[in-house]
Amino acid sequence: MSKELEEEKKIHLSNLDEFLASTILEAEEAPIKLAVHKNGDQGYISTVLLSAKEDIEEGGIDFDLSSCECAGLDSMEISYFLKKPVFTSSAYEFFDFLFVFLDSFECLVGFTGNGWKIKILKTEEI
């Protein structure tokens, strides 16, 4: 990607999986790097595509099988999911979980096999 910073795009969180898929296809590179932040209280977020100069390492945590997904948010610390690869079948569910604790973050996003691989790089807590 030749641009260092793209324009900000506002999307509804429920459209996140489709947005990420189309962004990865358009970027013709994976993973993509995004700056993401809440945009009001109605489920909207703003994203900015950044230049990705890093990759997501092998291994990681399966969000779909984690105790927070199975037993509720109270059983897991947000720090468990930061700065390490997280696998999930729904980026929407993972980002929705993150926004309970965070106002904004930077992340790498890729797609492997049948799920998303996401690594949270930087955060700004609420």
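**Exercise 1.** How many salt bridges does the count come to in this predicted model?

*Solution.* Start with the cut-off: a side-chain nitrogen of Lys or Arg must lie within 4 Å of a carboxyl oxygen of Asp or Glu. By this rule, the count comes to four salt bridges.

**Exercise 2.** Work out which parts of the chain are tied together by lysine 33 and glutamate 54.

*Solution.* First check the distance: the closest N and O atoms of lysine 33 and glutamate 54 are 3.7 Å apart, and the two form a salt bridge. Lysine 33 sits in strand β2 (residues 32–38), while glutamate 54 belongs to the loop between β3 (44–50) and β4 (61–62), so the pair ties together parts that are 21 residues apart in sequence.

**Exercise 3.** Which network of salt bridges includes Lys33?

*Solution.* Take another partner of lysine 33: glutamate 106 forms a salt bridge with this residue, with the closest N and O atoms 4.0 Å apart. Glutamate 106 is in strand β6 (residues 102–112) and lysine 33 in strand β2, 73 residues apart. Both residues are buried. The network links Lys33, Glu54, Glu106 and Lys122.

**Exercise 4.** Is lysine 119 buried or exposed?

*Solution.* Begin with its salt bridge to glutamate 57, at 2.9 Å from N to O. Lysine 119 lies in strand β7 (residues 115–125) and glutamate 57 in the loop between β3 and β4, so this pair joins parts 62 residues apart in sequence. Lysine 119 has a relative accessible area of 12% and is buried, whereas glutamate 57, with 36%, is partly exposed.

Note on methods:
Residues are numbered from 1 along each chain as its sequence is written. This is a predicted model: local features need pLDDT of at least 70, side-chain atom pairs count only at pLDDT 80 or more; totals for chains, interfaces and linings use all residues. Side-chain values use heavy atoms; hydrogens and water are left out. Helices (H or I, at least four residues) and strands (E, at least two) are DSSP runs, numbered from the N terminus. Buried means under 20% relative accessible area, exposed over 50%, partly exposed in between (1.4 Å probe, protein chains only).
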